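Welcome! Please take a look at the model shown here, and then let us walk through some of its contacts together.

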Amino acid sequence: MSEKRVHLSKAAPAAYQALDAFADTAARIARENGVDERMKELVLLHCSQLNGCAYCARVHADRAAKAGITYDDLAQLPVWRESGVFSERERAALELAEALTFIHRGGVSDDVYDRVGAVLTEPEYVGVSWLAVQINAFNRIVIAGRYPVPPRP
């Protein structure tokens, strides 16, 4: 992964700054709609894991720890369906985040929509959705640019 790639953030900073502002807006909408920091970081981290974005996974694992998410929670995130450490609301948010990340596989199915909608309020659904949309955009930029993730000292 040492190949030099165009970094869209540097090549077109105005577009990247607009995406960054959009991410701030999405986070504000999520917060105002009842999505707490823990759920937000679980969604952002899990989308990054699903997309294979090592850079964003590191950023959001660090932010998750600052939001009080434990090492055990982080370790259980990739296997959340089989784990009992997440609340019903968090599980619904993770399911919605997966559907939005893999939207090319037939969209958000009626089954997922109904399951998630039975747990999350409409405002929470909206907040989680905007979080997933923004992180998926960032993941694509970072993966395309092969942003480095060096070992920590």
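A salt bridge here is a side-chain nitrogen of Lys or Arg within 4 Å of a carboxyl oxygen of Asp or Glu. Helices are DSSP runs of H or I with at least four residues, numbered from the N terminus. E90 has 7% relative accessibility and so counts as buried, a word that stands for under 20% relative accessible area, while exposed means over 50% and partly exposed lies in between (1.4 Å probe, protein chains only).

Before going further, please keep in mind that this is a predicted model: local features need pLDDT of at least 70, side-chain atom pairs count only at pLDDT 80 or more, and totals for chains, interfaces and linings use all residues. Residues are numbered from 1 along each chain as its sequence is written, and side-chain values use heavy atoms, leaving out hydrogens and water.

Which other residue meets R38 in a salt bridge? The partner is D73, with 2.8 Å from N to O. D73 belongs to helix 5 (residues 71-76) and R38 to helix 3 (residues 37-51), so this pair too links distant parts of the chain, 35 residues apart. D73 counts as buried, at 9% relative accessibility.

Because R115 lies in helix 7 (residues 110-117) and E95 in helix 6, the pair ties together parts that are 20 residues apart in sequence. The two partners can be described in turn: R115 is partly exposed, with a relative accessible area of 44%, whereas E95 counts as buried at 13%. Salt bridges that share partners also join E37, K40 and E41 into one network. By the rule used here, the count comes to nine salt bridges. In general, side chains of opposite charge can pair when their charged atoms come close.

Next, look at how two helices pack. Helix 4 (residues 54-66) and helix 8 (residues 122-145) have their axes 8 Å apart and pack at an angle of about 130°. Axes are lines fitted to C-alpha atoms, for helices over the stretch in contact, and angles run from 0 to 180 degrees between N-to-C directions. Helix 4 and helix 8 are therefore oblique to each other; angles under 35 degrees count as roughly parallel, over 145 as roughly antiparallel, 65 to 115 as roughly perpendicular and the rest as oblique.

Where do these helices touch? Y55, C56 and H60 in helix 4 meet I135, F138, N139 and V142 in helix 8, contact meaning heavy atoms within 4.5 Å. The residues of this contact divide into five nonpolar, two polar and no charged. Here Ala, Val, Leu, Ile, Met, Phe, Trp, Tyr, Cys and Pro count as nonpolar, Asp, Glu, Lys and Arg as charged, and the others, Gly among them, as polar.

How many disulfides does the structure hold? There are zero, a disulfide being a pair of cysteine sulfur atoms within 2.5 Å. C53 is in no disulfide, and its nearest cysteine sulfur, that of C56, is 3.5 Å away. C53 is buried, with a relative accessible area of 2%, and C56 is buried, with 6%.
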